[in-house]
Amino acid sequence: MTESFRRSGEYEDEDPRGSSSQQYGYYSAPVHPEWPPPPPYEPAATAPLPEPEPEGKRTRGSVALLAAVAIVAAAVGGATAYGFQELTGKSGVTATGTGTAVVPAGKKGDVAAIAAAVSPSVVEVNATLAGGSSTGSGVVIASDGEIVTNNHVIAGAQSVKVRTSDGHGYTADVVGTDSSKDLALIKLRGASGLKAASLGDSSGVQVGDSVVAIGSPEGLTGTVTSGIVSALDRDVTVPTDEGQAQGQGGDGSWPFQFGGRQFNGDTGSSTTTYKAIQTDASLNPGNSGGALIDAAGNVIGINSAMYSSSQQASSSSDAGSIGLGFAIPVNTVKSDLAKLRSGGRN
């Protein structure tokens with residue numbers, strides 16, 4: 001709103017108070033054109049400014065304010081964390097995220113740094129069967145002892161024992177299985193404070209990417225190998241029958257079909273086929289269920305099938321590492337977790 005103001009003396013013949021201004025003494029002093037005229041009334045009294053607070057009082061007030069802000073922030077953060085736990089159904093799970101840089105940026109792709117960061121999250125799995133035993137690997141996905149492994153590692157098991165990278169032994173219970181994807185979820189009894197692996201995003205994997213594999217080949221816990229992604233979306237067929245899944249190769253290796261051929265024995269008539277990541281990282285019997293890891297330290301696959309030439313090493317061309325291994329993409333694992341946690345068995 002625009003207002004119009006008129007100063008005293010603007011009109012010579014008008015006295016704004018209706019009487020001589022001189023009796024109030026407002027015009028007793030000489031008038032200088034460069035000075036603004038005085039107001040036609042006594043200035044209103046203004047309230048005195050409050051005295052500054054003592055330094056100690058201000059400090060206590062600031063601390064109290066900061067404490068109040070911190071309490072509110074903690075309450076909001078706690079509510080957010082609680083809501084996330086309610087949605088995921090687990091505490092301490094880092095497995096359902098899209099993955100972050102587990103190793104320092106300057107160490108990306110460094111095999112030693114990746115091994116140091118992820119090895120505590122990979123365990124050895126030993127299953128006692130009716131007619132023998134099975135040895136494989138597993139990946140910790142929750143600090144309270146949830147572990148993902150291959151179904152064929154624990155299929156038909158009467159008991160399951162797990163050994164962590166620091167040598168601790170646990171008894172494990174089978175929570176859920178999915179033979180159609182060759183996946184299983186087991187849970188350690190009385191475990192806490194374990195280091196959960198970071199599950200990455202297998203949709204971003206490209207042929208030629210560097211990878212690291214960690215597992216327990218031939219019972220050698222914590223063995224680390226490296227290589228590259230050789231191919232994507234390979235159709236790998238494995239047995240779903242418990243009897244066929246256990247050691248049909250005769251040397252502890254698991255049979256599978258690929259490219260119209262059978263490897264490590266007969267897969268039998270009950271089989272399942274899934275899309276796999278192919279890698280040339282050296283894998284051997286016992287690597288099944290272990291981790292295939294990207295350059296940033298995120299798990300991108302669960303090692304599941306590998307070609308073992310031990311039975312066919314009749315010539316030099318069959319000796320050595322074949323470099324033909326396959327892993328279940330981690331996105332398949334993440335999409336199957338809810339079913340496995342619910343106790344599904346098939």
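Predicted model: local features only at pLDDT ≥ 70, side-chain atom pairs only at ≥ 80, totals over all residues.
Residues are numbered from 1 along each chain as its sequence is written, and side-chain values use heavy atoms, with hydrogens and water left out.

Helices (H or I, at least four residues) and strands (E, at least two) are taken as DSSP runs and numbered from the N terminus. Helix α5 covers residues 330–341 and has twelve residues, reaching 16 Å from its first C-alpha to its last. That span is close to the 16 Å expected at 1.5 Å a residue, where the expected span is 1.5 Å times one less than the number of residues. Its buried residues (under 20% relative accessible area; exposed is over 50% and partly exposed in between, with a 1.4 Å probe and protein chains only) are Val330, Val333, Asp336, Leu337 and Leu340. Seen down the axis of α5, these buried residues fall within an arc of 145°, so they line one face of the helix; the arc is that of the directions from the helix axis to the C-beta atoms. An α-helix has 3.6 residues a turn, so residues three or four places apart point the same way. Ser335 and Ala338, on the other side of α5, are exposed. The buried residues pack against β3, β5, β6, β13 (299–306) and β14 (325–329), with contact meaning heavy atoms within 4.5 Å. Just after the helix, Gly343 takes a positive phi of about 90°.

Two strands pair if DSSP finds at least two bridges between them. Strand β6 (183–188) is mostly covered, with five of its six residues buried. Strands β3 and β6 pair in the antiparallel sense over four bridges, and Thr149 stands opposite Ala184 in β6. Strands β5 and β6 also run antiparallel, joined by six bridges; here Leu185 in β6 is the bridge partner of Gly176.

Leaving aside neighbours within four places in sequence, Val174 is in contact with Ile154, Val160, Leu185, Ile186 and Arg345. The C-alpha atoms of Val174 and Ala155 are separated by 9.6 Å, with the two residues 19 apart along the chain.

The hairpin of β5 and β6 has four residues between the strands, and Asp182 there takes a positive phi near 55°. Most residues other than glycine have a negative phi, and most peptide bonds are trans. Asp182 is buried, with a relative accessible area of 2%. Glu218 also has a positive phi, of about 55°, although it is not a glycine. Glu218 is placed in the loop between β7 (210–215) and β8 (223–239) and is exposed, with a relative accessible area of 57%.

Side chains of opposite charge can pair when their charged atoms come close. A search of the whole structure finds seven salt bridges, each a side-chain nitrogen of Lys or Arg within 4 Å of a carboxyl oxygen of Asp or Glu. One of them joins Arg341 and Glu146 at 2.9 Å, N to O. This pair links distant parts of the chain, with Arg341 in helix α5 and Glu146 in strand β3 (residues 146–149), 195 residues apart. Arg341 counts as partly exposed at 22% relative accessibility, whereas Glu146 is buried at 6%.

Asp178 forms one with Lys339, the closest N and O atoms being 3.6 Å apart; Asp178 lies in strand β5 and Lys339 in helix α5, 161 residues apart. Asp178 is buried, with a relative accessible area of 0%, while Lys339 is partly exposed at 35%. Salt bridges that share partners join Asp178, Lys181 and Lys339 into one network. Arg189 sits in the loop between β6 and β7, 16 residues from Asp173, and Asp173 is partly exposed, with a relative accessible area of 33%.
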